[in-house]
Amino acid sequence: MGKVGILTEKPSAAGKFAAALGGMSGTFEGTEYVIVHASGHLLELKDPAAMVPAPLSEKYKSWDLAYLPWNAADFRWEREVRRRVSGKKLVTDPGAERLLGNLQETLSTCETVCNAADLDPTGEGSLLGWEIVEYLGLEGKKLERMEFLDETPPSLRKAFLNRRPVTSIESEGDYRKADFRSKWDMLSMQFTRAATKLSGSDIVVRNGRLKSAMVVIVGDGLDAHQGYVKKPFYENRFRDENNVTYTDPEIDRFENKSDVPGGLESSPVVHDGTTRKKTGPPRLIDLAALSSLLSKKGFAAKKVLETYQKMYEAEVVSYPRTEDKFISIEQFNELLPLVDKIAAVVGVDPAALSHRGPRKTHIKSGGAHGANRPGPNVPQSLADVAENFGELGKEIYELLAKNYLTMLAPDYEYDQHRGHVAKYPSFVGSLNVPAVLGWKGVFVIEDDEPDDDDAPSGAKALGTLAKPFVHEGFPARPPHPTMGWLMKQLEKRRVGTASTLTSTYAEVTNNATGKALMIEKRGKITLSVLGELNHRILPGTRIGDLSITEKVFEQMAQIESGAAAAPDYLALVEDLVRHDLEKMKANVSRLPVELKERMAKAGVTRVPVENITLPPALHFTHGDTVATTAKRVFCGHRFTDAEVAALLAGQIIEITAISPKSGRPFTCKGTLETGVTEKGYPFVGFKPQFEERPPRTDLVSGVWKGKKVEFKGRGWGANAHWAGKDFTEQELAKLLAGETIEFEATSREGKKYTAKGALAVSTHNGYKNFGFTLKFDNRAPATKPRKRKVSR
C-alpha cells in the first residue's frame, strides 16, 4: 500500500494525530503515512461578479435594485484562496496561500488522500477538507475519510485503521449539505444589498439568516421590555409565621384592591407530608453559555473567542468550537487523574468530589471533541492563568473547571414540605429545605437558580397558623435582552451550533468600525441606530424570520440524504428575495421621523448635499466630464442668497466658518475656483484665501534627543505671569543637550523666584507640543505662576 496523506483541519489536530500514531510521518501498523494540516477554511466562494459569464459581471457587481433577484443558475460556484482585510483593501491571505502550496507539495507525493477533518452536524469539517482536495486537483488520487469519536489516542488510532474509502467527493452527504449552505449564504447577500439601498444607508445594513434573526429577536424583546406597563393585580393569599405563602391556583384576580372579597379567617396549617427530592449536576456549558456568563462581567464575545482559542492552543482548555453536549468515557478517564489538581487551582475541596464514576447524564459515545472542559495542561494557579491569558482567561478557566467538577459531586438533595390551609384547603403551599448541598456546594450558575420572590429565607418547616392577606402582584415585565436570553431563544429553534451562534453574535456586536447592529454593555443588549433601522425594515420578511433557517436546515438534511439536489433549493432563494424587496419597500416608507433624524446624526445616512446651479459661463470641463454645480455649504457655513449672487458674479466674499479639525470658528475670504479631484473629476468650489502671516523671529531650531525641533527661544514668556525671557546661546545649547537650566523670574505680584526648566514634550487637546516647561523650586511664592506650554 502506498503512502497515505492525512489532512487535518488545524495544527492542534495534526499534533494529536502525531501523538497517537508516533510522529508527523512514519509507519503505523504497516501503513506509511504523513500528517498535514490546514488552518480553518483556506478557501471561500468567489465574489458573485467573478462567478458569472462576462456579460453578466456588471449586473452582479452593481447594487442597483433593478438587478435583483439573482438567478442562481448563472453561477459557476468557484472557490478562491480566502481573503483578509489589509488596510482598507481586501487582499489574498498570504498565509493561506503559502499553506496551500505546502499541502500541494506534500499530498501530491501520496497515493491516498484521507480527509481527517472534524465531524460536526453542519458538515463544515467535511467541506473544509474536500474543498482543498478539489482546489489542488487531487480528486484523481485514492480518497478516504477518517471518522473518530474523540481525539484521544485510542480513538485516533482506531480511526486510522478503519479509514473509509470514498468513491467521489460529491458522493459524501455531509460535504453536499455544507456546500449547499455556503452557497445559500452567499445568495443571501441580496438581502443585505436590498436593505442597504432601500434605506438609503451609507453603511452596509448586514442581513443573513442568523444576523437578521438576532436583530428581530432583540428588537422585539426591547419593544416588549420598554413597552411594559406596570399594572397591579390583587388576590387573596395566606402566609404562616415562617413566611410560607399559600395560594389558590384557581382564585380570581382583581384590578382594584377594594374589589377583593373579604371574610377569610386565620386557620391552622395542615402538613400534607415531606418528600426527599434530588437533582443532578447541570450539563456541561457550551461556548454560547460560557460567553453569555462572561458578558455579564463586561467581556465581549469576540474577546472570549480569541482568548479561548489561545488557551486551547496551549491545551489549558478543550476545543472551542465543539457542538457536543457530552464527553466520552475516554475523555472522562483522561481527566480523572487530574481532578484534584484542577480542584486545587479553582479552590474546590477535593473531598466534595466524591462521585468519581461516570454519570450517564454527562458521558455518552459520539462526537469528536467532547463538551467544553479543562484541558490536560493544568495550570499552577489562577494567577498563572491570568499572567498568561489575562483576567478573561482566568474567568474562562474558573467557570469551565467548576462547571466540570460539579459532575463529580453528589446530587443536590432537599426536603419538600407540603401543606394546605385547614379551613380553605384549595390554598396550598410548599417549602424546600436543603438537605445535602452536593454539587451546589461546588458551583451554581446564576441563571439556574429559581427566581421566587415569595420563597422564605432560613425556614426549616411549615408554620402552624396561616393568616389571610391581600397580595399585590404585577405581571412579569419582559426581560431586557441579554446575550444569555438571546442564545436561549435561538437554541430553542435549533438554528445553529453554539460556536456559530457565538461567532455571529461577536460579529454583530463588534463596533470597531462603527458598523455594529447591536451594542452590548455588561451582558445587556440594545440596538445601534443601524440595528434599529434594520429592525424596522425586517417585519414580514423571510430573512428576518427564524423559520427560514429552520427550512434551510431541513433542506440540508434532504440534500445530505440524497433525496434532493442543491440547485433545486438554491433556485427558491429568488422568490424569497422578490418577496422581501416588496416588504422592505413598504417598511421603509413607514420609518419614524425621529429614527431618520438619528440616522443622519449618527452618520448612517448623509444630509443631502445642497448645490449652487452654475450658469453655463462658469461650467468647468475636464476630459469628458463637466462640473455644472458647486456646493452651497463650506465648513458648516451655508452661503446666503446675497453671497451666492456675489460668488456667481466672480466677487470675493468674507465668511465665518467652523474648522472641521478643532471645531473652532475662523474667518476667511474667498471666491469660486475650479479644480480637479485626485480621481480626475472636475469641480467648482469655494476657495478660501488667508492672509500671509509674517515669519516668526522668536523660534529656535536645533537637534534634541536625535530629532530636529523648533521651539520659542527668544522673547519667551513675555505674556506669562513671569518676566519675558530671552534664552542666551549658552542656555539654548544646554536645553538642546537635555539639561535643566535655571534663571531669576518675577511673578505677576512682582515677587522674585528661581525658575527651573527643560525642554519636554507635552500633550494639549490631544496634540503633542514641544517646548520649554518650567519646574518651580520650594522658594516659589504661594501663588505659583502658571506653566506655559509652547507649541512648535
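# Reading the sheets, helices and cores of a predicted model

Guide: An open sheet of six strands runs in the order β12-β11-β16-β13-β14-β15, and its pairing is antiparallel. Please keep in mind throughout that this is a predicted model.

Visitor: Which strands stand at the edges of that sheet, and how should I read an edge?

Guide: The general idea is that strands of a sheet pair through backbone hydrogen bonds, either parallel or antiparallel. Here β12 (245-246) and β15 (428-436) stand at the edges, and because each has a single partner strand, one side of each is left without a neighbour in the sheet. Further inside the order, strand β13 (residues 267-279) pairs with strand β16 (residues 465-473) in the antiparallel sense over two bridges, and Pro268 stands opposite Leu465 in β16.

Visitor: What is the strand order of the sheet that includes β26, and how are its strands turned against each other?

Guide: That open sheet has three strands in the order β25-β26-β27, again with antiparallel pairing. Its edges are β25 (653-658) and β27 (682-689), each with a single partner strand, so one side of each lacks a neighbour in the sheet. On average, and with direction ignored, neighbouring strands of this sheet are turned by 50 degrees against each other. Six bridges join β25 to strand β26 (residues 665-676) in the antiparallel sense, and the bridge partner of Ile658 in β26 is Pro665.

Visitor: Which helix lies across these strands?

Guide: Helix α21 (residues 641-648) lies across β25, β26 and β27, and runs at about 125 degrees to β25. Gly636 is found in the loop between β23 (633-634) and β24 (637-638), and it counts as exposed because its relative accessibility is 70%.

Visitor: How do I read a hairpin, taking β6 and β7 as the case?

Guide: Look for two paired strands and for the residues that link them. Strand β6 (residues 83-86) and strand β7 (residues 89-92) run antiparallel and are joined by four bridges, with Val85 standing opposite Leu90 in β7. The two strands form a hairpin with two residues between them, and Gly87 in the turn has a positive phi of about 70 degrees.

Visitor: Which residues other than glycine have a positive phi here, and where do they lie?

Guide: Most residues other than glycine have a negative phi, and most peptide bonds are trans. Among the exceptions is Trp77, with a positive phi of about 55 degrees; this residue lies in the loop between α2 and β5, and it is buried, since its relative accessible area is 17%. Another is Asn243, whose phi is near 65 degrees; it sits in the loop between β11 (233-240) and β12 and counts as partly exposed, at 46% relative accessibility. Arg494, which follows α14, also has a positive phi, near 50 degrees. As for the peptide bonds, a cis bond joins Leu68 and Pro69, with omega about 0 degrees, and Pro69 is placed in the loop between α2 (57-61) and β5 (79-81).

Visitor: At what angle do helices α1 and α5 pack, and which residues meet?

Guide: For a pair of helices, one reads the angle and separation of the axes and then the residues in contact. Helix α1 (residues 11-21) packs against helix α5 (residues 153-161) at an angle of about 85 degrees, with their axes 9 Å apart, so α1 is roughly perpendicular to α5. Lys16, Phe17, Ala20 and Leu21 in α1 meet Pro153, Leu156, Arg157 and Phe160 in α5, and the residues of this contact divide into six nonpolar, no polar and two charged.

Visitor: Which residues touch the most other members of the largest nonpolar core?

Guide: Of the 69 residues in that core, they are Trp184, Leu486 and Met518. The largest share of the core, eight residues, comes from helix α8 (residues 209-226). Leaving aside neighbours within four places in sequence, Met518 is in contact with residues including Met214, Val218, Leu486 and Tyr505. Leu486 is one of the buried residues of helix α14 (residues 483-493), together with Met483, Gly484, Trp485, Met487 and Leu490.

Technical notes: Residues are numbered from 1 along each chain as its sequence is written. This is a predicted model: local features need pLDDT of at least 70, side-chain atom pairs count only at pLDDT 80 or more; totals for chains, interfaces and linings use all residues. Side-chain values use heavy atoms; hydrogens and water are left out. A nonpolar core is a set of buried Ala, Val, Leu, Ile, Met, Phe, Trp, Tyr and Cys residues joined through side-chain atoms within 4.5 Å. Buried means under 20% relative accessible area, exposed over 50%, partly exposed in between (1.4 Å probe, protein chains only). Contact means heavy atoms within 4.5 Å. Axes are lines fitted to C-alpha atoms, for helices over the stretch in contact, and angles run from 0 to 180 degrees between N-to-C directions. Angles under 35 degrees count as roughly parallel, over 145 as roughly antiparallel, 65 to 115 as roughly perpendicular and the rest as oblique. Ala, Val, Leu, Ile, Met, Phe, Trp, Tyr, Cys and Pro count as nonpolar, Asp, Glu, Lys and Arg as charged, and the others, Gly among them, as polar. Two strands pair if DSSP finds at least two bridges between them.
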